[in-house]
Amino acid sequence: MKLRSVCVSLLVFALLAGQHGGSRVRLARLDRWVKAAFQYVKLSLCRRVSLPEGECSRLAHLRLPGVVVYVSESSPDKVLAILPDSQFTVSPGADEPGANRELFPGASAHDAVLVLDPSPEESFGHPVVLFYVDFNVTKKRCGHMDGIYLGEECLTLALKTRCQNQLKRRRSRSDRMVGRARFRRSTVSRAGRMERSSGLCEIHFLPLVVGVRDSNRTQRLRCVDHPEFARCPQPLPLTRPSVPISSCELNKNTRRCHQQPLATHLSCRLYQTCDHAVLLSGGWQEQITYQRHVQNLLLFYRMLRNNGFHKDHIKTFFAGNGQVAVKEAEGMYPATEKEVIRNHISYICRKQHCADSLVLYLNSPTRNDGTMLLWDRNNNGIADLKERYTVGELLADLAGCRASRVLLFVEQSYSSVLSKRLKSSLKHLNVVLLNGLPWVDTAQFWAPLRPSHCLIDHLSKSAVMPRVGDGAASLLNVTLAGAPCNATPPLTEAEMRKEYMGCQNLPTALWHQGRRKPDDSERN
């Protein structure tokens, strides 16, 4: 059985290698591409891209079985690589006159695309290494393109356009040799600017690889399942969304079905305050939406329900319409309508007395500026304004939030950007960021949380206790539902449920005085 599995993997590997010029590209060719690219990552990548010293050290000791390999399918046409966090990437001199500039303006066409992911266990975005492959390129031209010449083809590293020339200029031999004394002062200031932009050069997502004449924008990048490489991640299978007939819209020419709209205005009731939660997992595209994202949502959803959150007050926004629905989590909506997501969060915040504890769980692909990617609705591979949720927009939606406390549970990359913005803000004094802990998955870490558990006590159970400021410590010195941690006498389960968990009816006097729940001091 094991031998059969290896044979199947080899067959898939060979098929992915495809054809060029009417003859099958040998398995050895793709193997040569991967090994040349892998050696480049280990030995030369940090000379082209400014990565942290620790990351460079890790790459230098990287082993091929720890790398996931992607390659574009065979095609008689050349292909384009489209990235979500920039309009296009650039590679010197490999343009194809017949490229479809209307669909993908500025992108360059190549014979193939190769991607190495040295950190497959991490969430996107994280640095991946993308190479363009061009056939029939001379050694001299390949050298001018800063490529890797393999005799029959040339591999060139793809970088973002915003800082590629800066990095080249910093490492250019002529810049080091010519005019050093005359330009010493300007070099110092220029180096500072380059270091600040160093995080922009590398690529953080799998590209959408399409044929230059493919108006359907079919993804041609495929993971190579081979024993020598890391195991391919398993994306969620696509399903047809089941929509009831009552949600279908009929007119003369079309029959259009859509999900029932989110009734945000029904989330807040007169003379009642409740605990609310929003779970957001944008997904971006099928290829990077995995089963673990569904499991994270389920774990966190169940934890909220165990802590008294009513199912009608937990709204989950996940991937697109064709993804597998999370049957156990009610209130599921696709992450395709940015305004719906923002309006719901801001409404819960703006409405007086609506929320006591407001919990946000964020688990989306993230750019290195902290921007969350939602779902690629138009399948063009580029994160348009309606498909990305920036840190500034999230902070605007939470500014001056009237909830007693806003808890952000963040399980995604580059959460430090959000953390820095929160620390310097005077409009988010009741907002606490609980980001991913070292070696711990956020959803798994908080899954055991019980109604009687104090947040700050549970946080102290992590292997590395994060630093918590005085303001944050006071907000965390309660249970998830807002009950005091050290009440005397201790609260009974019945008292917890009645006075803190889920929803509480407020007396008219309290409602108009702007008080959300009975004063804790009255109990002591």
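**Sheets, rings and core**

Analyst: Begin with a sheet. Six strands form an open sheet in the order S9-S10-S8-S7-S3-S13, and their pairing is antiparallel. Strand S9 (148-149) and strand S13 (221-223) are the edges; each has a single partner strand, so one side of each lacks a neighbour in the sheet. Keep in mind that this is a predicted model.

User: How many bridges join S3 and S7, and in which sense do they pair?

Analyst: Strand S3 (residues 68-72) and strand S7 (residues 112-117) share four bridges, in the antiparallel sense.

User: In which sense do S22 and S23 pair?

Analyst: S22 and S23 pair in the parallel sense, over five bridges. Phe 409 has Leu 434 in S23 as its bridge partner. Now check burial. In strand S23 (residues 431-435), four of the five residues are buried, so the strand is largely enclosed by the rest of the structure.

User: Next, aromatic pairs. How is a pair of rings described?

Analyst: Two values describe a pair of aromatic rings: the distance of the centres and the angle of the planes. A search of the whole structure gives seven aromatic pairs. Take Phe 409 and Trp 446: their ring centres are 5.1 Å apart and their planes stand at 80°, so this pair is edge-to-face. The cut-off for that label is over 60 degrees.

User: Which parts does this pair tie together?

Analyst: Phe 409 lies in strand S22 (residues 405-410), and Trp 446 in helix H13 (residues 442-446). The pair therefore ties together parts that are 37 residues apart in sequence.

User: Is Trp 446 buried or exposed?

Analyst: Trp 446 has 3% relative accessibility and counts as buried, because the cut-off is under 20%. Phe 409 is buried too, at 0%.

User: Which other ring pairs with Trp 446?

Analyst: Phe 445 does, and that pair is also edge-to-face, with 5.3 Å centre to centre and 90° between the planes. Phe 445 is buried, with a relative accessible area of 11%.

User: Now the core. Which residues touch the most other members of the largest nonpolar core?

Analyst: That core has 34 residues, and Leu 279, Leu 304, Val 359, Phe 409, Trp 446 and Leu 480 touch the most other members. Helix H9 (residues 291-306) gives the most to this core, with seven residues.

User: What does Leu 279 touch?

Analyst: Leave out residues up to four places away in sequence. Leu 279 then touches several residues, among them Leu 297, Phe 300, Tyr 301, Leu 304 and Tyr 361.

User: How does the span of H2 compare with what is expected?

Analyst: Helix H2 (residues 27-43) has 17 residues and reaches 25 Å from its first C-alpha to its last, close to the 24 Å expected at 1.5 Å a residue. Its buried residues include Trp 33, Phe 38 and Tyr 40.

User: Finally, what do the totals for the protein chain say?

Analyst: The chain has 17 helices and 24 strands. Buried residues make up 51% of its 524 residues. Among contacts between residues at least 6 apart in sequence, 72% join residues at least 24 apart. The accessible surface comes to about 25800 Å², with 52% belonging to carbon and sulfur atoms.

Definitions and conventions:
Residues are numbered from 1 along each chain as its sequence is written. This is a predicted model: local features need pLDDT of at least 70, side-chain atom pairs count only at pLDDT 80 or more; totals for chains, interfaces and linings use all residues. Side-chain values use heavy atoms; hydrogens and water are left out. A nonpolar core is a set of buried Ala, Val, Leu, Ile, Met, Phe, Trp, Tyr and Cys residues joined through side-chain atoms within 4.5 Å. Buried means under 20% relative accessible area, exposed over 50%, partly exposed in between (1.4 Å probe, protein chains only). Helices (H or I, at least four residues) and strands (E, at least two) are DSSP runs, numbered from the N terminus. Contact means heavy atoms within 4.5 Å. Rings of Phe, Tyr and Trp (its six-membered ring) pair if their centres lie within 6.5 Å; planes under 30 degrees apart count as stacked, over 60 as edge-to-face and the rest as tilted. Accessible areas come from the Shrake-Rupley method with a 1.4 Å probe; for residues, only the protein chains shown count as cover. The expected span of a helix is 1.5 Å times one less than its number of residues. Two strands pair if DSSP finds at least two bridges between them.
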